[in-house]
Amino acid sequence: MKQKFYILENLGCANCAAKMEKRIKELPGISDASITFATKQLRISAEDPDRYLAELQNICSSIEHEVIVTERGQKSGCNHQHQHEDSCGHQHHFHSMQSEARAASRDSAPKHEHPHKGGSHRTKDITVIVIGVALYAIGLILEHAALLPQPVCMAAFLAAYLVLGSEILLTAGRNLLHGQIFDENFLMSIATIGALAISQFEEAVGVMLFFRIGELFEHIAVEKSRSQIMDAVDMRPETVTLLHGDHSHVVPAGEVEAGSLILVRPGDRIPLDGTILEGESRLDTSALTGEPVPVKVSVGSQVLSGCVNTSGQLKLRVDKVLEESMVTRILDSVENAAASKPRIDRFITRFARIYTPIVVALALGTAMIPSLITGNWHYWIYTAMSFLVMSCPCALVLSVPLAFFSGIGAGSRLGILFKGGAAIEAMGRIRAVVMDKTGTITEGNFVLQQVMPLGSLAEDELLALCASCEQNSTHPIAASIIAAAREQKLSLETPIDLAEIAGHGIQAKLADREVLCGNRKLMEQFLVSCEGCPQQTAGSEVLVAVNGRLAGWLVVSDTIKPGAPAAVRALGSQHLVTAMLTGDGVENAQAVANTCGIDEVHARLLPEDKLNRLLDIRSRHGAVMFVGDGINDAPVLAGADVGAAMGSGADAAIEAADVVFMTSSVEAIPKSLSIARSTGRIALENVIFALVIKAAVMILGLCGFASMWAAVFADTGVAMLCILNSVRILYGGRFKRA
């Protein structure tokens, strides 16, 4: 089954998008279809998706006639925002991009899109509204001043109505021919024509005017929110300064290959992931991490695209091409994640399908039944017209996906890549956070912590002795000992003879002595007494024996990430239980847990044991989020309610995860959970607000206290407020620090 992405240009109605999605799903041969209103993307899954383009166009234009279906990454008459990805199926992964995606990225369209319906249409809308207001004002003046006969006043109102509503009336008629009975244009037309029929000329024109103004502001708000979100995450460079010897020239970013040398001047954004070969500077990483403190970098430092070079000039070796760099991975994540819809979104879409028919039926009943009983047809028909205005569920259908899209955008600004709204929704229900140790809580690099000589040896002598034996070993512990010796510039001796005993250590013969370096099992094998050596250490111990006698020991341990203790405290403040699963020894694991303040520790675990422990924690505390980075963490990541992977981790772990922390920072864990909870809360606020306002206006209408003006507010006004409420997720300052 192949996936294909399309852009629905000029898509302006969230409820229409839901109708399109439903009808596309019903096409034979299409296994799945998803329209993301926030990005105007259509994703279909089929054996041969290319053959459906004509049918897709027919369906979309029959529901919203201005919609044009184009392949994603393909240019058309209207430049669409961020068209850079593949024209074939793009899966939810970050490390493996298909060649088609690379080609499409190089031929991408300009980043900035035209406003909805284009600038000329926006000008046309404003012109129509201005003329309508002028004619409406003339009608009001003539009516209230009684300067001319009533038919003249009616003519002024009708002229204003036709100017303001002609496009809506024509669209309603066109959609009616395609079977769109519950289209918002049709419902608004019926409501205002009904008002004209009962001689409510002033009301009919005023409602149409208010509706047009509301729609205009709603479209502006939607496009503004889209622009804010996409501009926040689209840090792809247009060009790069490429170096050839002493010469430099500017080339398109998509043409730069891995291994090329590029120049980054002070004030420039790092265009591509790379390694510094010359220069030193401080980088503003806030676009990726949200942290305002610049990070010092120098020769040998690996830097990520999207950071801003604040001071010195840098020469970089490009490690990853544009479509594999951080800036593209973030953008891919945002655009593709938006297509994964949370349960509340799917529920609202289903609810909208029954909501409109129910309200229309209620309007019909309100017009007929009370009128037959009371004989007051004028009042009850007017009330029914108000119900029709409110029967379009756009505010409901629009507010939920836009809230989750904003949450995805807010996360991406901090280097947190959510793989969809469903992942954010699940994170809002988390009650316990379980973490792997190495590479998640700790750096994953062993460092010599302690040198403890016995007898006459000094610390540097013991370290030099051990490093001399370990210098040919590739073990991480050996590497840390050798690095410490070289840092102190100690002289190392080359062994005359050396044997590495798997799982135990090294036996070496130097010029004047025989040395053993390893664990207790090695000492026991050669009958070396370990008296005086501590039974427990917070790390891995390397015992050293010279000529059969214990000469001392070294302690090597992984270093805890700087922000780990603060991140764990932040999780505790969110009333979450924290636990650590590791295959490391009990003493070392407990030492790390004590330093960070982790609630539960489970050590010496095999990969299959981790999953069993995770299930036990879930049974005791509720929904669990697991954070890991190793290939052996993939089963646990898949088995957790939410799996999170460090961006520096194994590809298998990143593929299995629901959220990826690109900066590999522990502080990203509480930040992501905070964003998820805020997103879910705001989506629920939008739904409740929209339903309560609509219900309140309906009840007030039945009681005689509401009008069609209030009904228009309950439709377009509420939609606009929900949009603004959703976008504020992007500006949640509390996400900057967990």
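1. At what angle do helix α10 and helix α11 pack, and how far apart are their axes? In this predicted model, helix α10 (residues 343–374) packs against helix α11 (residues 377–390) at an angle of about 175°, and their axes are 8 Å apart. Since angles over 145 degrees count as roughly antiparallel, α10 is described as roughly antiparallel to α11. On the α10 side, the residues making the contact include Tyr-355, Val-359, Leu-362, Thr-366, Met-368 and Leu-372. On the α11 side, Trp-377, Trp-380, Ile-381, Phe-387 and Leu-388 are among them. By class, the residues of this contact divide into 16 nonpolar, four polar and no charged.

2. The chain as a whole may be summarised briefly. It comprises 23 helices and 26 strands. Of its 738 residues, 55% count as buried. Among contacts with a separation of 6 or more, 68% are accounted for by residues 24 or more positions apart.

3. Gly-628 stands opposite Ala-645 in β25.

4. Is Thr-679 buried or exposed? Its relative accessibility is 0%, so Thr-679 counts as buried; the cut-off for that class is under 20%. Leaving aside residues up to four places away in sequence, Thr-679 touches Ala-403, Phe-404, Gly-407, Ile-424 and Ile-729.

5. Which residues have the most contacts inside the largest nonpolar core? That core has 131 residues, and those with the most contacts inside it are Ile-24, Met-625, Phe-661 and Ile-669. Not counting residues up to four places away in sequence, Ile-669 touches Val-433, Met-435, Leu-571, Met-625, Val-627 and Phe-661. A second, separate core of 28 residues includes Val-256, Leu-417, Ala-645 and Ala-657. As general background, nonpolar side chains in soluble globular proteins tend to be buried together.

6. Another open sheet has three strands in the order β10-β9-β12, with antiparallel pairing. Strands β10 (295–297) and β12 (308–309) stand at the edges; each has a single partner strand, so one side of each is left without a neighbour in the sheet. Strand β9 (residues 281–284) pairs with β10 in the antiparallel sense over three bridges. Leu-283 stands opposite Val-295 in β10.

Note on methods:
Residues numbered from 1 in each chain as written. Predicted model: local features only at pLDDT ≥ 70, side-chain atom pairs only at ≥ 80, totals over all residues. Heavy atoms only, no water. Pairing = 2+ DSSP bridges. Helix = DSSP H or I, 4+ residues; strand = E, 2+ residues; numbered from the N terminus. Buried < 20%, exposed > 50% of the residue type's maximum accessible area, 1.4 Å probe, protein only. Contact = heavy atoms within 4.5 Å. Axes fitted to C-alpha atoms, helices over the stretch in contact; angles between N-to-C directions. Parallel < 35°, antiparallel > 145°, perpendicular 65-115°, else oblique. Nonpolar A, V, L, I, M, F, W, Y, C, P; charged D, E, K, R; others polar. Core = buried A, V, L, I, M, F, W, Y, C linked by side-chain atoms within 4.5 Å.
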